[in-house]
Structures are given as C-alpha cells and as structure tokens.
2 protein chains.
Amino acid sequence: MTTAKRKRVPRAERERQMIEVAERVFTERGYGAASMDEIAELVGVSKPMLYEYFHSKEGLLLACIRQSRAALREATEQATVGAVSAEDALRRGLLAFFVFIRERREAWSLLRHEMALIGTPAADEIEQTRRQQTDLIVAVMSEYFDDELRAEASAEFVVGACERLAIWCERFPDVTPEMATDYAMDMLWSGLSRRAR
Amino acid sequence: MTTAKRKRVPRAERERQMIEVAERVFTERGYGAASMDEIAELVGVSKPMLYEYFHSKEGLLLACIRQSRAALREATEQATVGAVSAEDALRRGLLAFFVFIRERREAWSLLRHEMALIGTPAADEIEQTRRQQTDLIVAVMSEYFDDELRAEASAEFVVGACERLAIWCERFPDVTPEMATDYAMDMLWSGLSRRAR
DNA sequence: AAGTCCATCCTACTTCGAGTAGGTTACTGG
DNA sequence: CCAGTAACCTACTCGAAGTAGGATGGACTT
C-alpha cells in the first residue's frame, strides 16, 4: 500500500501517515473502541512510535481534530472573501460549512468526537480549536452588535445551531447543503417574528 | 452514610443509588477516567452488581443520561404550561432550560458527555433521548411552520444553539439565565435583519 | 420449625489495551 | 570509515472492563 518495504521515513511524513490512518480508524470505530495497536499496525509501525510522536491517545485524536478544524476554517474563510455585505458573508460561510460536512465526511465525523475529550486535560486545547470557528463568526457578527459580549454569545449560538443542524442533515440525504443553508439563514436573518400569526 | 451495615437492598433502590453515585463520578472524572471499581466501592457494593443491573459501563452512563434528560424535559415542559402564545411558550421554555443548567450542574454536565458515546451501540438510544427535547420544540415550532421538515430542522437548530450557548455561559458566571434567555430569544425572534445597517 | 427457592451479593479470576523501559539499526555528516 | 542521532523495535507493566461460578439472606410454603 504505502511503499513496498518497511523503510525509514522522516518524522514529518510519518506523522502525516499516522494522522491519516488515525482519522480513519477513529471515525470508523469511535474513539473509545479504536486501539493504538491497530492504528500502529495499519501505519506499518510499532506502537511506541505513536507515543513518541503524539505522547498519548488523546494527543493523537487532538492532532487529528486540529487538522480537521484547520481545514474547516480554511474552507469557510475562503468562502467569505468576495462577500458584498455581512449578510452575504454569513450566507456564504454557512454554505461552505454545509458543503464541507457533506464532502469531507471523515473530517466532520472527527469533529463530532471532540466532545469525547470533555473532562480530560485536552479539553482546553479543544476549546482553543473551536475558537478558530467562533472568532470567524464574531468578526462577521460584530457588524451587527455593539455589545461585545452579546456578539460572542451570538457567535456561539450560530455555531451550535449549525453543528446540530448538520448532524440532523446526516439523517436526510435529500437535504442539500443549499437547503440547509436556507433553513439556517432564514432563522438567523428573519427570525420567527415574521412567521407569527 | 447510606445505612450503617451492608444490608440487602431491593433492586429498584440499589439502581437509584448506583445512578446517583455514577452521575457524580462521571461528572467529576469524565466518562473515560471514571472506573467501575470506584463507583462500585462508593455505592458499597461489588462490581458484578453494576454489571448485573446495567450490563456495561455504557449502559450505566446511558441510564444516567436518560434520567437527566427526563428531568430536563420535565422542567421545560412544566415551564410552558401557562403560556399565552407560542412566543411566550418559547421564552418560558428557554428560561427553564437556562435555569436548569445553572441549578442542576451534574445533570447538565452528564448530558454534555453523551457525545462520548458516538459510534457505539448506545448511539441510537442517545438520539432517542434527544428526541424528547426536540419533539417539545417541534410542537411549539409547528405553530410557525407549515413545512414539516423545516419545522424539524428549526427545532434542531434551536436545541443546538441553546446547548452551545449554555456551554459558553459556564465560562461567564455573571451571565444570568435571564440574560441567556434574552440573547437566545432576541436571535430567534427578531433575527439579525433588524440589526442590519 | 424446618425446608425450599430466588434475588441479592461476593471473591477471584480473564482479557485487552494504554503506556513504558531499554535496546537496536539505518542513515547522515564529517 | 567512524561517530552520532533519528527512526525504530521487542517485550514488558499496569489498570480497568467484564465474567464465571458460587455463597447467603430472607420470604414463603407446608
């Protein structure tokens, strides 16, 4: 698969291989059921190497999550570059998000696992990676809010809402990213007042 | 503590004791770091009893989660009984939710752990317990939506948004349940359009 | 009052996986 | 060709999930 014979490989590349395999295994088996032995074997390396490079199972998951978050952030940020207004930026960002979770299944599945680290030493790190996402939204939201605290709260609100909506979408393959964006944008922009009888 | 000497106790009550202790231990240590041995010891019983009654560690967590979800559902449902409109019901439900997570720390902390079961056989059960929450919201939302799918999506949207907002609130003890409700209700009801320049 | 039956409960394992100690070999630069 | 180091390994320990198989309190019968 990888290369024919077990050869020596520089650290940077091994790390990439390890993360790639780990991402797959964590996604397939779930964090708890995944074993470091299995990951090591699939990489074609012995277990202590994993510990050498990531010091713990949590550390390995964290590395995977970091990468996936970075990819997500990259995708959503790129999407907003040509936006003509805050509303437009929001819509584009949402669409990019829903496209991402549809196309990059493993990455998204991994991000859903981050809650498995609650209560562990890695929890702070996780919050840090989430910040990447909320900061992006805060930047857009501050267009609408003078109150700093309220802007932050609203950003969390949006992120949580969309994550949950994304999970819901997985049960309905017919719901396109465009539809999801529409649902979300309609709620965020117009609110419920417009629908009141 | 419980009663002086290790006496025989009927199953129903033992289960209650076990869940009570487990809730505390899972919350304090986190799911992964909690040990069945420790829980058994704190209950004052041997480990096989836990397995007799809950068959696995996951099963025990699931039982705890079910109970906490039931309490949350009860609290939010009760809150909406005297509502004069859907808008009012929504606001009351939100307030009850934010009060709940402030007052019943362990229960809420436990619910945050449910993601730890993603990818395990218990995942379906978990989705089931979430339904209790979303169904309640769907009932309120259907006031606003003709489209059934959209109503469900919006309910998920609301639940996700509020859960995330609740997690955020934990970092700011000064943010009262009333403020959180206001933040959420403002977004949900008025939307962002009202704030556009 | 003694015997039967079962729900409650226990001790003493097995198994499996996270994490580690300590050594070995390939490549790299002089 | 000889360091020296970066990549790598075998062979463990240790702790926690889960189990086998048996013991015992006590309720109910006769």
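Trainee: How many residues of chain A are in contact with chain B?

Mentor: Start with the rule. Two residues are in contact if their C-beta atoms, placed from the backbone, lie within 7 Å. Here, 36 residues of chain A are in contact with 35 residues of chain B. On the chain A side, helix H8 (148-169) and helix H9 (177-190) each give two or more residues. H8(A) gives the most, 12 residues. By class, this side has 18 nonpolar, 10 polar and eight charged residues.

Trainee: How do I read the names, the numbers and the classes?

Mentor: This is a predicted model, where local features need pLDDT of at least 70, side-chain atom pairs count only at pLDDT 80 or more, and totals for chains, interfaces and linings use all residues. Residues are numbered from 1 along each chain as its sequence is written, while chains are lettered from A and ligands numbered from 1 in the order in which they are written. Nonpolar means Ala, Val, Leu, Ile, Met, Phe, Trp, Tyr, Cys or Pro; charged means Asp, Glu, Lys or Arg; the others, Gly among them, are polar.

Trainee: Which rotation superposes chain A on chain B?

Mentor: Copies are superposed by least squares on the C-alpha atoms of residues with pLDDT of at least 70 in both. In this model, a rotation of 180° with 0.0 Å of shift along its axis does it, with an RMSD of 0.1 Å. That is the relation of a two-fold axis. The same surface serves both copies, as 97% of the contact residues of chain A recur in chain B.

Trainee: How many helices and strands are there in chain A?

Mentor: Helices (H or I, at least four residues) and strands (E, at least two) are DSSP runs, numbered from the N terminus. Chain A has nine helices and zero strands. Its C-alpha trace spans about 65 × 35 × 30 Å along the principal axes. Of the contacts in chain A with a separation of 6 or more, 58% join residues 24 or more positions apart.

Trainee: What share of chain A is buried?

Mentor: Count neighbours. A residue is buried if 20 or more other C-beta atoms, placed from the backbone, lie within 10 Å of its own; 12 or fewer makes it exposed, and in between is partly exposed. In chain A, 38% of the 197 residues are buried. Now take Asp186(B), in helix H9 (residues 177-190) of chain B. Asp186(B) is partly exposed because it has 18 C-beta neighbours inside 10 Å.

Trainee: Which residues have the most contacts inside the largest nonpolar core?

Mentor: In soluble globular proteins, nonpolar side chains tend to be buried together. A nonpolar core is a set of buried Ala, Val, Leu, Ile, Met, Phe, Trp, Tyr and Cys residues joined through C-beta atoms within 7 Å. The largest one here has 104 residues, with the most contacts at Leu165(A), Ala184(A), Leu165(B) and Ala184(B). Beyond four places in sequence, Ala184(B) touches Phe157(A), Leu94(B), Ala161(B), Cys162(B) and Leu165(B).
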